[in-house]
Amino acid sequence: MDEEYGDAYPVEVQWWRPRRVTAADLRPRLVLLPGDGIGPEIVGATRRLLQAVGEFEFTEHAVGGASIDEHGTALTEDVLEACRGADAVLLGAVGGPKWDTTDPDAPRPEQGLLGLRKGMGLYANVRPVRPSPALVEASPLRPEVIAGTDLLVVRELTGGIYFGASGRDGDRAHDDCEYTVAEIERIARVGFEAARRRGGDPARVTSVDKANVLETSRLWRETLGRVAGDYEDVELDHMLVDNAAMQLVARPARFDVIVTENMFGDILSDESAMLTGSLGMLPSASLGVNGAPGLFEPVHGSAPDIAGQGIANPLATFLSAAMMLRHGLDMDTEATAIEAAVDSALERGLRTPDLASAEEEAVGNEEMTSAVIDSLE
Ligand code: NAD
């Protein structure tokens, strides 16, 4: 049973339903959580961009390692409350070598993220993967392999091995993987609804599991099969996670919507990210129970290796902000404007170092941000 919501999961799924800002409250209240490493650079850049497309009320809070330094914990109750009370939350990234520890009792930055997901009731992580035409050459795959790729990874966020009981007993350690039918059903519905809205021909959900080995996967497969009965217009196929990992690099264009559990989704979505050429390009949204604010963040981490150098690619955060505007705030026009401005900057040849080939001259975060703002129409 879920601690926050008991067994009363909303079976009806509000897929992409925007959280409306009321007329009395015209300026959306955004909580910005820059986090660690390059987080402050990319969130700062995104704040500039957002100010260029609309009026928002911003509040900024520490999370992750920054919060450990300030408060001794990766997420304070006050910050969680601020997030719950916002219209939407934009996160940079958390973590870094400074807070790496093997002491199970020491606070860890990731606890901030897990605490946000749990505390905000976010159970679906959604990551679109569509390589930008201007970046086809930046992909490690051959252009003919990635041609036509347009997929969505829907990852279950609050169950599985990341949230099961774990512990150590002498030289043994364990992490338990658990899923309930209710948890599987609600994420399955997000996947089917997404496939329906995307309107692929055919619309297809690929459910990824390890049903030849794991009992949770057999429950997963059984539940997906049952839910599919409510979506006769969407094809369902099942794929073992090892095969899915292979197919993603061999034939990525075969996928429409991938629905999978927490840990498989964590790994497969990073693999999918590389199809676009750089982790620095991929946005994500974490959506929760009806009407709750969503959490929008780039897929990549805090990139401590390049933090503070002014060379972080801000585009994944810009595209996360676009997802936030469209899906969290009902500001479709502004979202489209940001996406078009990102495409336009790339088409004009601007590249941060992570995107640039050996022959291309790279620009920094600042210059890329200005170029995207200048491209806004
Ligand atoms: P990472 O995503 O931070 O970095 C992987 C590689 O990609 C690095 O070489 C980095 O420089 C590069 N990169 C990532 N984002 C980039 C950007 N916007 N522009 C240019 N280059 C970029 O992954 P990692 O190195 O495995 O992890 C670093 C830290 O981030 C760890 O502490 C990890 O726990 C944390 N992390 C946090 C999140 C999150 O907050 N959601 C996700 C993943 C990892």
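I began at the ligand, where one of its oxygen atoms lies 2.7 Å from a polar backbone atom of Gly301. I counted a polar contact as a pair of N or O atoms within 3.5 Å; within protein, one must be able to donate a hydrogen and the other to accept it, and residues adjacent in sequence count only if both atoms are side-chain atoms. The model is predicted, with local features requiring pLDDT of at least 70 and side-chain atom pairs pLDDT 80 or more, while totals for chains, interfaces and linings use all residues. Residues are numbered from 1 along each chain as its sequence is written, and side-chain values use heavy atoms, without hydrogens and water.

I found a ligand oxygen 3.0 Å from a polar backbone atom of Gly96, and a ligand nitrogen 2.9 Å from a polar backbone atom of Asn313. The protein covers 68% of the 800 Å² of accessible area that the ligand has on its own (Shrake-Rupley method, 1.4 Å probe). I listed 19 residues around the ligand, of which Val94, Gly301, Ala303, Asp305 and Asn313 come nearest (a heavy atom within 4 Å places a residue near the ligand). By class, the shell holds nine nonpolar, seven polar and three charged residues; Gly counts as polar here.

**Strand S1.** I took helices (H or I, at least four residues) and strands (E, at least two) as DSSP runs, numbered from the N terminus. In S1 (residues 29–35), six of the seven residues are buried, meaning under 20% relative accessible area with a 1.4 Å probe and protein chains only. I noted parallel pairing of S1 with S2 (residues 57–60) over four bridges, where pairing requires at least two DSSP bridges. Arg29 stands opposite Glu57 in S2. S1 also pairs in the parallel sense with S3 (residues 88–93), over five bridges; there Gly35 has Ala93 as its bridge partner.

**Thr46.** I located Thr46 in helix H1. Thr46 is buried, at a relative accessible area of 0%, and its side chain reaches the backbone oxygen of Ile42 at 2.6 Å.

**Backbone geometry.** Most residues other than glycine have a negative phi, and most peptide bonds are trans. I therefore recorded two entries under this rule. Asp201 and Pro202 are joined by a cis peptide bond, with omega about 0 degrees; Pro202 sits in the loop between helix H6 (181–198) and strand S8 (204–209). Ala303 has a positive phi, near 40 degrees, and lies in the loop between strand S12 (295–298) and helix H10 (315–329).

Note on methods: Buried means under 20% relative accessible area, exposed over 50%, partly exposed in between (1.4 Å probe, protein chains only).
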